[in-house]
Amino acid sequence: MTTSMGTLVPFAEAMERYEPVIGLETHVELGTRTKMFCGCATTFGAEPNSQVCPVCLGLPGSLPVINRMAIEYTIRIGLALNCTIASWCRFARKNYFYPDMPKNFQISQYDEPLCTDGWLDVPTGDSAIRVGIERVHLEEDTGKSLHVGGATGRIHGAEYSLVDYNRAGIPLVEIVTKPVEGTGAAAPEVARAYVTELRGLVRGLGVSDVRMEEGSLRCDVNTSLAPRGSGRWGTRTETKNVNSLRSVERAVRSEIERQAGVLDAGGRVVQETRHFHEDSGTTTAGRSKEEAQDYRYFPEPDLVPVAPDAGWVEQIRAALPEAPSARRARLQAEWGLSDLDLASLSNAGAIDLVAETVAAGASPSDARKWWLGELARNANDAGAELASLAITPAQVARIADLVAAGTLNDRLARDVIDAVLAGEGDPDDVVTARGLAVVSDEGALATAVDEAIAAHPDVAARVRQGKVAAAGPLVGAVMKATGGKADAARVRELILDRLS
Amino acid sequence: MTELTRMTAAELSAALAAGEVSAAEVTLAHLDRIAAVDSRVHAFLHVAADRALAAAEDIDKRRRAGEPLGPLAGVPIAVKDVFTTVGLPTTCGSRILEGWHPPYDATITARLKQAGTIILGKTNMDEFAMGSSTENSAFGPSRNPWDLSRVPGGSSGGSAAAVAAYEAPLAIGTDTGGSIRQPAAVCGIVGTKPTYGGSSRYGVVAFASSLDTPGPFGRTVLDAALLHEAMSGYDPMDSTSIDAPVPPVVAAARQADVSGMRIGVVTELSGAGYQPGVLSRFAEAVELLESLGAKVTEVSCPHFSYALPAYYLIAPSECSSNLARFDAMRYGLRVGDDGVRDAEEVMALTRERGFGAEVKRRIILGTYALSSGYYDAYYGKAQQVRTLIIQDFDAAFGQVDVLVSPATPTTAFPIGERADDPMAMYLADLCTIPSDLAGNAAISVPCGRAPEDGLPVGLHVMAPALADDRLYRVAAAAEAALAGQWGHPLLAEAKGLD
């Protein structure tokens, strides 16, 4: 049996011969105050094993009791994803042995999920694709193992392992897409865009802080390839350890390149779990699904069925916030954006930031200009996301304000931004501390203009002959003389006045 | 023997309230009795003499201070070693939990303490409540006080033996397939399986979650009712607990009246495989009830014949999952942790060493029954049978108020007789399993001794869910009439240990 033969095929080449199908399983830790089945706190980063009790430690004799708020949050997610909410459903036990699972079974849902059959419209490029949602179900999280010693940081080869059960029993929602077909070479971007959109949606619902870096949003990516035009699906792999939006995209891309190599070599893709490596951007084989354990699901006898009352569901529906897609359409109209403008804002993850900047008083076009321009460059250089920059929408609005008032020009504004990002304080503090305000003393400017004209007689002569565009060197000289603090437009005006 | 250990809980309650005796004296008398006989009976796995005495002195102090106390304040009790208890180990009769001191009290343990009962210690049981004789205890079997060469039944055999041997006036156990009623029957005492959800499972180490039901043992019907009332009621920590008032069991036990009650004799729970003396005592008990004014008819419950096989799929399936947590990671036995073996090996070695043969048998059975490809044929089918049994009960309770049968097919069997024959052992629960599958209420009350071996026989009464009080009306009426015939309680006929 050939399983792992073949070498990576460059992505574009792979896309010439194969058609990918992707699917995503996203786990969202709910931000309920207490755990899924007990009253323990859920604070992230607490002292290990300080938020535990007999129930979440699975001590003999302990019993679970459902957290109603977790059910409500899950219904909220289900409704926002256009799902049908079950009028009756049960929890089930998923049985397998692992040291960080206190009971050696996980209380989850199996064939009776709380929410089924919905969709999410995902913006990609300048259009949107509709991703089908198979199911949204609720389960309990496991504890967290720390494997000490050994090369991989994984359990095999570790010298010893420590287990923190603070996370055990935190409510976890699993959102499973239907297979996403027909994306072609856009598959990696679609995968990323889906997770981005889902993250925004869940955050907007106020049910989770959806922080990938803290693991409150975790993603498994399923990928399969089939020869173009074959009309069938290939064998899928499930890639785990995909811990950032960028990784989602890279993981799909890398699996496509790997699977194309296997298929090109006449091999067979093995249905298995694969592990994504952030550093190399590639995946390696984990557990094989074909020899996977039998989870022996059966209805959880310690819990009674969940039967959300229709009135309650409608109450939750009525209280849902505006959906991200509807909000985008509204903002597009309010801000007068083209589809392309909206797409670039959306792709940069800047919609919320621009909206907040506008709310803080900036014009939509100024807000867009700064976030997509100088700030996007900064984020890109730092390899960070726009939202994680150390500047607030209010600060950006203030800078736009200072430019509009003529206190700053664009160049000075960039300096202020750099200073704010460097932690030098609010824009006004920076302007004062660094003396960055524009020179607006007409007398001083006039002197500088005269000096510049005197120093560049040939240039001045050409401008006098009507070659207005030739005034650049004169403007440059004035700007240099004022240390860049002059308003360049005003300087040009003064020069042209003088030479007319 | 002192008088105090011969008194019923109701008599002790009255004497304590009247100040005729102190809780400390009562407790000491029972501790002395345990010291005198338990080396032969082996009802207890742990005796908490110091704690019990301290608790008794506290009750006496509170009583002297004029504090209002419940009816069972100062009355000693024995607790099956499946309930978690702060300050006392909880082993479930298993090596895998040997030495485990739970950090929390079961809801029922807490309620017993709240009621002022004095916990004497923890009683022996079949490992994880799997068995009908206590022979599956990792710590050796308990013995039947009627005949020390015989089993006291199980799995709550230690609790039944303790009460029958006058080591405690009251005890609690759990009933999953008959684990209260069967030992009560073969020890000649009263034992009740309340309605499922009527008594909390929080802190009861799970065998089969959808079946496990804690309940009381007493030497009289009234004693069982007093304990039933004290231990039962809604518990928000148990999702399957029923949020309804406890049925008026004590009033019913005092009423002891069956006139006009419709009693159905279950056709399927008699005949081949039943000991003749058990059937004759049972038939006499039914005649007696009729003579007391009950209307007796025969009722068929056709699916009861499938109860045993359905039970032996459902209970092992649940247990295979419930017992997965015993993996050496957090508590209990740990085998093979030499710094070289990995976690999986340590788990496997621990479970191999820590579990007994019957527990392993059921884990394997349940693992198989839940496996992909077999689920529908085994677990799924068993659940369908369970539904049919519930429908049989519903139909029957449409015609009669209670159903009756023998509590067990035979009297207490000799230790070792069935130890190597699981099927023979399983048959001991033939009459009791249907009520567990349906989740309704049932009681066993002594109805005489089988002529061929002189051992006690239990009359089994079954009532609809939440109609537990009907059990006590019937049982108390039978008890009173029989005691009238005999001139004393049945237990007085036991050869005794003195």
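The model is predicted. Chain B contains 17 helices and 11 strands. For its 498 residues, a compact globule would have a radius of gyration near 23 Å; the value for chain B is 21 Å, which agrees.

| Property of chain B | Value |
|---|---|
| Box along the principal axes, C-alpha atoms | roughly 70 × 55 × 45 Å |
| Residues that count as buried, of 498 | 62% |
| Share of contacts with a separation of 6 or more that join residues 24 or more positions apart | 77% |

In chain A, an open sheet is formed by 3 strands in the order β4-β3-β14, with antiparallel pairing. Its edge strands are β4 (105-108) and β14 (298-299) of chain A, each of which pairs on one side only. Strand β3 of chain A, residues 92-95, is joined to β4(A) by 4 bridges in the antiparallel sense. Across this pairing, Arg93(A) stands opposite Ile107(A) of β4(A). In general, strands of a sheet pair through backbone hydrogen bonds.

Elsewhere in chain A, helix α3 spans residues 187-205 and includes Ala193(A). Is Ala193(A) buried or exposed? Ala193(A) is buried, because 23 other C-beta atoms lie within 10 Å, and the cut-off for burial is 20 or more. Leaving aside residues up to four places away in sequence, Ala193(A) touches Val122(A), Pro123(A) and Thr124(A). Ser346(A) is 153 residues from Ala193(A) along the chain, yet their C-alpha atoms are separated by 9.5 Å.

Technical notes
Residues are numbered from 1 along each chain as its sequence is written. Chains are lettered from A and ligands numbered from 1 in the order in which they are written. This is a predicted model: local features need pLDDT of at least 70, side-chain atom pairs count only at pLDDT 80 or more; totals for chains, interfaces and linings use all residues. Helices (H or I, at least four residues) and strands (E, at least two) are DSSP runs, numbered from the N terminus. A residue is buried if 20 or more other C-beta atoms lie within 10 Å of its own, exposed if 12 or fewer, and partly exposed in between; C-beta atoms are placed from the backbone. Two residues are in contact if their C-beta atoms, placed from the backbone, lie within 7 Å. The radius of gyration is taken over C-alpha atoms; the globule rule is 2.2 Å times the number of residues to the power 0.38. Two strands pair if DSSP finds at least two bridges between them.
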